[in-house]
Amino acid sequence: MELWGDGDAGEAEHPPAAPPDGEVSAVLVLEQAQVRDELLEAGSCHLRIVSAASPHRERASAGLFPETPDAADWMSQLNRETRSLTHLGCHLVLDSTPRDWRLLSDVMLWSEHAARLNPFTQLKKLSTFVRVTASPWMEVAIKVAILIQICLKSVAKSNTKEWKRGSGGVRFLVPLNIMEFAELIKTPRVDGVDNTEELWLLHANIDSTEKRFVGSLGTIIVKCKDLRVIQLDIPGMEECLNIASSIEALSTLDSVSLMYPFFYRPLFEVIEDGWQLFVPGEAFKDLESMTDEWRLSEVNKDFSVCPSYPSLLTVPKDIDDESLCKAASFRHGGRFPVLSYYHKKNGMVMMRAAQPLTGTNGRRCKEDEKLINATLCAGKRGYIIDTRTIAVAQQAKARGGGFEQEANYPQWRRIHKAIERSNILQESLIKLVEACNDQSHSMDRWLSKLEASNWQSHVKEILTTACLAAQCIDREGASVLVHGTEGTDSTLQVTSLAQIILDPACRTIRGFEALIEREWLQAGHPFQQRCAQSAYSNGKPRSEAPVFLLFLDCVWQILRQFPCSFQFNENFLIMLFEHAYASQFGTFLGNSVTERVKLQLSQKTVSLWSWVNRPQELERFLNPLYEPNNLVIWPSVAPQSLLLWEGVFLRWNRSTKCLDEAYQEMVHIIEYNKELQNKVNSLRRQLAQLETEDSPLQTP
Amino acid sequence: MEHIRMPKVENVRLVDRSSSRRIQVGTLYLTATHIIFVGKGSEDRNELWVLHSLVCNVVKHKSSQSGYPLLIHCKNFQVIQFIIPQESDCHNVYISLSRLSRPEKYEELYCFSFNPNVDKAEREHSWDFLNLKAEYSRMGLPNKLWHVTPINREYRVCDTYPADLFVPKSVTLPVIVGSSKFRSRGRFPTLSYYCKENHATICRSSQPLSGFSARCLEDEQMLQAIMKSNPGSRFMYVVDTRPKLNAMANRAAGKGYENEDNYCNIKFQFIGIENIHVMRNSQQKLIEVSALRSPSMGEFLLGLENSDWLRHIKSTMEAGIFISKAVAEEGVSVLVHCSDGWDRTAQVCSVASVLLDPYYRTIKGLMVLIEKDWVSFGHKFSHRCGHLDGEPKEVSPVIDQFLECVWQLMEQFPCAFEYNEKFLISIHNHVYSCHYGNFICNSQKERKDLCIKEKSHSIWPHLWESKLDFMNPLFKPDQSQNQGLLRPSTAPYCFKYWRRLYNRFDRELHPRQSELDCLMTIKEETQQLEEELALYEQKLAVLDKERAKTLYMQKGVLDSKQALWSLPLDTSLANTPQDYIGGFIGGAPNVFTLQQGERESAELSLFGDKPKSSDADSSDQESGVADFSSHSSGEESLPTVYALSVTALFEER
């Protein structure tokens with residue numbers, strides 16, 4: 001409590017002082033719940049653990065407070081407006097600005113007024129509410145928001161045996177509120193005892209939780225989608241159960257519209273709206289300047305031709321909408337061939353689609369044939385890259401799918417590759433993460449587990465296929481059509497990676513964002529389904545798969561091999577991974593443009609790009625070594641050249657102190673160089689000026 | 001030379017290993033010292049030079065339609081495949097090379113014929129470049145507790161030890177002699193590293209001849225004296241780097257290990273590093289894995305695991321960590337031994353030293369460390385590296401493992417080392433090349449008898465001259481975490497495959513741009529800028545006509561440098577796309593494989609001392625693709641070469 005001051009304006013203007021040495025600071029577990037006779041509407045929010053030593057970290061600024069300065073007004077507003085209440089819950093955040101501090105004390109007033117009970121009692125109530133809402137016949141709406149705020153003060157411990165988990169860990173002793181005590185054991189690496197940090201977790205980031213009890217000591221292990229594992233030790237079984245069930249309820253919200261992005265309001269001013277940044281029309285203007293062979297079709301305006309496609313699609317000029325509809329009926333999910341990439345250098349194109357529905361009796365579709373033949377120059381041939389093996393493609397026939405018969409597509413050559421399907425990829429991720437978290441120090445187990453996960457093989461296969469597609473376009477001067485079964489997973493991996501290889505623009509930050517928007521979001525990769533669970537999910541995978549993560553891994557591999565050719569750095573890729581799985585932004589919600597339109601994401605949520613593209617944020621993601629490289633970059637796909645992406649998979653297991661130091665040093669070297677250049681240039685100018693002043697004296 | 005049956009063969013094809021379709025035709029020459037291949041390139045003159053002493057083995061393969069293949073495996077992990085049109089030529093080259101690569105006498109080695117353009121004084125001076133006496137005094141020796149014993153001046157007590165050895169002042173000559181008689185090959189306990197701050201030491205020896213129950217009073221006194229020379233501690237560690245089983249087996253042969261009951265205040269510890277034979281086989285497996293042609297991920301990872309190589313690196317590292325912690329954290333002295341005390345002992349002592357002392361993380365420091373712990377203490381370089389034709393069972397990659405441990409540490413502590421991996425690879429190359437005299441023979445005595453210093457040159461000044469190539473731009477010696485003890489992690493995932501060493505010559509496997517090279521260039525430019533700045537400031541301070549004139553001339557210089565730093569050095573390597581369709585079975589009717597163009601030129605790399613010219617030669621042979629050279633204005637273009645062509649695609653059917 002003392003952390004937040006007592007509501008006194010003068011005091012509240014300052015950040016709280018660290019608790020006196022030797023004394024562990026107070027902790028508040030606070031939550032608000034309110035029942036309203038509306039439909040169920042629960043807000044997800046952060047689970048936040050904050051240390052006394054550094055309460056202000058960048059994420060703290062993500063909170064929102066209503067503009068109303070008056071506490072009373074605000075409170076009544078809270079009672080009226082459900083969403084505001086959620087804001088309160090979501091963003092009960094310590095912020096360094098005086099305004100927020102005042103609001104915070106307002107919040108405190110309100111919460112005391114509302115609760116009049118100690119937090120744990122209220123927490124119990126909360127979990128009851130959660131259970132109640134689970135029953136379908138009760139029409140109760142619940143506004144749930146939890147903020148666990150634990151002030152951490154690390155206690156110097158050198159006895160490693162006491163650590164609950166493996167190598168890194170520091171034990172924190174934290175008394176909860178007035179009479180409660182909680183022990184928090186943090187698994188992420190901690191090097192020194194003085195290391196205190198603040199931790200924010202989106203509930204959506206929680207992949208699974210486990211409860212354990214030893215006597216009256218309860219332990220909650222929170223496993224996150226970003227692969228972090230956190231262990232909370234809470235004395236008191238009841239409290240532990242309460243917290244656990246709250247976390248579980250909040251992290252497994254079914255309805256998209258209850259997701260945090262709908263309640264999140266940015267503290268920053270949106271200068272450039274990310275929702276408006278990458279509209280298909282703009283990209284088409286670029287294309288128009290290069291070629292007139294293509295047109296924008298509105299055939300899918302109401303998403304009826306293909307629900308997973310966007311409303312505007314780039315198709316060959318000579319193919320009318322009617323033919324498109326017919327071709328769509330011949331392709332899985334209506335995903336008829338559309339333009340993915342135009343290679344400026346030689347005018348070759350890459351298209352993508354879903355598998356043709358040839359079935360067992362070899363159905364054909366003249367319009368489909370005409371459509372893809374329209375992309376070939378006279379006398380030229382093209383390649384169809386089927387991301388499945390021939391055997392898998394054959395099997396697909398039995399289920400109505402299939403592949404292009406060469407008799408019907410004489411101008412095309414088909415190549416089969418072997419990119420795995422989603423459930424195999426998900427299994428692979430689970431195995432890989434298990435291997436990375438294995439605390440045994442045996443060399444043999446590590447390598448064989450890494451091998452058995454097959455993750456690196458998937459990376460190799462995907463990269464190889466992308467290189468092949470790029471090679472056909474750039475080296476062979478041929479057009480390429482890429483498809484797998486549905487055309488929403490491996491197809492997109494291949495087309496997007498091929499563009500990174502071929503197109504220098506995709507290696508810039510804006511270009512890469514545009515690529516993700518174009519080839520993943522607009523192209524209908526079902527993010528919602530694929531990223532519902534990550535490596536710690538216990539249940540049977542439904543349609544979860546780390547397709548996007550594999551793509552990012554492949555990009556990272558290319559980045560490692562061409563460290564000077566990308567405008568962004570590894571952090572950018574990791575950030576995208578995190579946000580694809582759990583985010584305060586709406587960008588990765590929904591499975592297709594159709595769904596996003598229905599959810600009104602662009603009106604109701606903030607775009608990730610609005611945040612990322614702010615100069616303050618971009619700074620973290622810039623590669624200091626970047627030097628534009630206009631060449632095609634061919635990565636090596638040999639096993640010796642492909643590394644494990646430690647930045648993601650060992651992120652929480654290894655100490656990065658020395659690596660961070662190296663990165664800082666790199667930045668320093670480059671900045672110092674630039675500074676010197678500026679100095680030298682200005683001196684040079686100065687001298688030149690003096691020189692011209694001198695010269696009249698010299699000439700006579 | 002009488003061994004050369006065939007000095008020159010025309011129309012030999014050199015096959016690029018990354019793709020058997022990339023072949024270069026040229027002439028093969030055999031000289032007394034090198035194999036030289038000169039390619040018949042249209043405009044570029046490609047040369048490949050390989051020292052005979054670097055050749056590990058030569059294998060004839062079954063003839064193919066284009067000729068008779070000859071495969072040459074080198075000790076620096078280069079693999080060269082020639083195809084020779086005539087069988088007799090092939091056989092002659094094979095016989096000649098087999099003989100040339102296995103010299104029988106030291107006198108045949110290249111270092112005795114290598115004659116750079118330096119005079120006698122300069123050569124002698126090159127041997128003074130490193131001075132072990134200075135190194136010991138850097139450590140703070142001799143001091144009141146430790147001094148040099150003259151006992152081995154004539155190599156009489158121990159012929160594999162150096163002449164000058166540090167022992168506790170308190171031990172008398174009879175004690176040393178007595179102790180040496182109780183140790184294998186007379187290698188009595190002597191100082192390897194002294195920690196100035198807390199007086200703890202690392203000492204080394206060979207195993208005691210204890211058998212099942214033998215004791216030696218002098219040896220016990222010796223250890224007691226070592227322990228007492230560290231006034232701060234009440235005991236010392238005795239570390240036997242062997243697996244316990246091996247040490248016990250040695251007891252039957254009258255050797256063995258120290259009995260804790262017989263020695264006062266020792267703590268005895270086994271570490272469990274395998275012997276040279278296990279290591280040799282392990283590396284052999286590793287080399288096979290590294291040389292696999294387009295392996296699958298599984299083949300590679302399983303092969304890596306089955307080789308056990310990284311496990312051995314880990315155990316060596318762990319031994320080093322144990323000792324360095326004992327010295328730095330506990331302030332306890334350590335005596336290290338294995339069987340003879342010249343393989344595992346050398347490894348472990350030097351790894352511990354690198355962990356303990358930042359000096360050994362500098363270029364000069366690593367040279368000194370190798371000179372001290374390896375060369376002077378009698379690591380049997382000629383046996384272990386197979387310099388001469390001899391017992392193959394004596395060969396073992398002991399020094400490779402030490403260098404790799406250092407590399408693994410560099411991966412974990414990117415700012416702690418002054419040198420980069422090129423330095424380690426250069427040392428590795430020269431340990432095997434017999435180009436310089438440093439690593440010839442098996443002991444100091446042998447080198448003295450052979451007059452190495454009079455007849456050959458020292459490698460160290462040569463490496464020192466190329467210092468700039470070996471610098472790590474990220475080195476931050478002043479950072480507190482880079483001073484003192486390094487505490488590496490030994491989690492399995494921290495041990496990585498050293499691609500730059502084992503696939504050193506497979507250019508297409510390495511990153512096309514190198515961060516470190518890039519940073520090094522920037523740093524060099526920064527230095528020039530600093531000078532420039534100082535100059536300008538000076539000029540501004542003293543302004544007169546004369547200076548205005550020089551200023552005018554300076555301007556041009558600076559302009560030309562502007563884009564310098566953006567040039568990533570490694571991109572000058574040919575960037576060769578791989579066979580991305582590789583391994584695809586083209587059985588199905590509708591399926592076909594991509595084939596690469598037949599006539600691709602191969603890149604060649606010159607042996608060690610001329611690498612730069614070869615890079616320049618081969619940088620851009622293939623690309624005739626005009627668009628690729630077009631580059632954003634004023635920028636250094638990346639001479640990336642993509643030799644991929646799939647022209648055969650349609651013709652195939």
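How many helices and strands does the secondary structure of chain B come to? The count is 23 helices and 14 strands, where helices (H or I, at least four residues) and strands (E, at least two) are DSSP runs numbered from the N terminus.

Before you click further, note that this is a predicted model, in which local features need pLDDT of at least 70 and side-chain atom pairs count only at pLDDT 80 or more, while totals for chains, interfaces and linings use all residues. Residues are numbered from 1 along each chain as its sequence is written, chains are lettered from A and ligands numbered from 1 in the order in which they are written, and side-chain values use heavy atoms, with hydrogens and water left out.

**Stop 1: chain B as a whole**

Select chain B. Of its 653 residues, 58% count as buried; buried means under 20% relative accessible area, exposed over 50% and partly exposed in between, with a 1.4 Å probe and protein chains only. Now think about contacts, meaning heavy atoms within 4.5 Å. In chain B, 70% of the contacts with a separation of 6 or more are between residues 24 or more positions apart.

**Stop 2**

Go to strand 2 of chain B, residues 23–30, and pick Thr27(B). Is Thr27(B) buried or exposed? Its relative accessibility is 8%, so Thr27(B) counts as buried. Show its contacts beyond the neighbours within four places in sequence: Lys8(B), Val9(B), Glu10(B), Ile36(B), Phe37(B) and Val38(B).

Next, select helix 1 of chain B, residues 87–100, where you will find Ser96(B). Ser96(B) counts as buried because its relative accessibility is 0%. Apart from neighbours within four places in sequence, Ser96(B) touches His3(B), Ile4(B), Arg5(B), Met6(B) and Leu30(B).

**Stop 3: an annotated stretch in chain B**

Highlight residues 307–351 of chain B, which UniProt annotates as "domain: Tyrosine specific protein phosphatases" in an unreviewed entry. UniProt positions are given in the numbering used here, feature names are shortened, and annotations may be inferred rather than shown by experiment. This span is 69% helix and 9% strand, with its end C-alpha atoms 22 Å apart.

**Stop 4: over to chain A**

Chain A has 24 helices and 17 strands, and 62% of its 700 residues are buried. Select residues 274–649 of chain A, listed by UniProt (unreviewed entry) as "domain: Myotubularin phosphatase". Here the span is 45% helix and 9% strand, and its end C-alpha atoms lie 29 Å apart.

**Stop 5: a helix pair**

Colour helix 14 (residues 490–502) and helix 15 (residues 509–522) of chain A. Their axes come within 10 Å and cross at roughly 155°; axes are lines fitted to C-alpha atoms, for helices over the stretch in contact, and angles run from 0 to 180 degrees between N-to-C directions. Helix 14 and helix 15 of chain A are therefore roughly antiparallel to each other, a label for angles over 145 degrees, with under 35 roughly parallel, 65 to 115 roughly perpendicular and the rest oblique.

Show side chains where the helices meet: those in helix 14 of chain A include Leu492(A) and Ile500(A), and those in helix 15 of chain A include Phe512(A) and Trp520(A).

**Last stop: a loop**

Finish at Ser537(A), in the loop between helix 16 (527–530) and helix 17 (547–561) of chain A. Beyond its neighbours within four places in sequence, Ser537(A) contacts Asp207(A), Gln426(A) and Ile430(A).
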